[in-house]
Amino acid sequence: HWMVHSFPTRRSSDLLVDVGASGGSHRIWGQLAPFSIVVGFDADLRDTEFVVREEKGFKKLFLLNKLIGASKSTVPFHLTTSPHCSSTLEPDLEALSPYHFKSLFHVEKTVLLQAIDLKSALASVDISYVDWLKTDTQGTDLTVVKSLGEDLIASMIVAEFEPGISSAYKREDK
């Protein structure tokens with residue numbers, strides 16, 4: 001069982017950043033809520049309500065419909081059967097063929113979306129630091145983290161990734 005206490009910070013609020021925020025905020029962050037601002041990003045509109053408000057005891061909650069990538073550019077975004085599997089990367093259905101959950105990765109539609117790097121996305125809501133970063137970007141976690149720049153990476157207290165271990169997407173970060 002996890003017990004989390006607010007970690008020391010030089011700021012008045014801990015900043016928790018969730019890239020790939022569909023499905024709700026990180027459960028463990030509830031214990032940090034009274035001390036924290038949460039900034040969440042997701043590009044798939046199907047499973048996230050995008051808001052800016054005080055909620056669930058957090059000082060402030062930003063859930064923003066933004067596609068986080070390496071830089072500002074227009075990129076294809078593959079909307080899959082499950083909103084939790086949508087990605088800028090094309091699913092590798094051949095590599096997924098042995099798994100029963102393969103059907104979650106079928107592309108229903110591909111759209112072009114404007115991507116923005118994480119540092120710029122945070123600046124758009126007047127945020128210039130990250131205490132805890134959680135990424136679940138369906139194959140691009142390393143790319144997203146690098147877009148923060150060395151100064152913000154070095155000042156983070158916690159970085160939590162969901163790396164590709166087995167192939168699920170073509171050209172995914174591993």
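Asp18 is buried, at a relative accessible area of 3%, where buried means under 20%, exposed over 50% and partly exposed in between (1.4 Å probe, protein chains only). This is a predicted model, in which local features need pLDDT of at least 70, side-chain atom pairs count only at pLDDT 80 or more, and totals for chains, interfaces and linings use all residues. Residues are numbered from 1 along each chain as its sequence is written, and side-chain values use heavy atoms, with hydrogens and water left out.

Asp18 has a salt-bridge partner in Lys134, which is buried as well, at 14%. The two sit 116 residues apart, Lys134 in strand S8 (residues 132-135) and Asp18 in strand S1 (residues 14-19). Helices (H or I, at least four residues) and strands (E, at least two) are DSSP runs, numbered from the N terminus.

The count of salt bridges comes to three, each being a side-chain nitrogen of Lys or Arg within 4 Å of a carboxyl oxygen of Asp or Glu:

| Pair | N to O |
|---|---|
| Lys134 and Asp18 | 2.8 Å |
| Glu90 and Lys170 | 3.3 Å |
| Lys119 and Asp151 | 3.4 Å |

Lys119 lies in helix H2 (residues 118-123) and Asp151 in helix H4 (residues 150-155), so their pair ties together parts 32 residues apart in sequence. Lys119 is partly exposed at 34%, and so is Asp151 at 48%.

Pairing takes at least two DSSP bridges between strands; S6 and S7 (residues 107-117) have eight, in the antiparallel sense.
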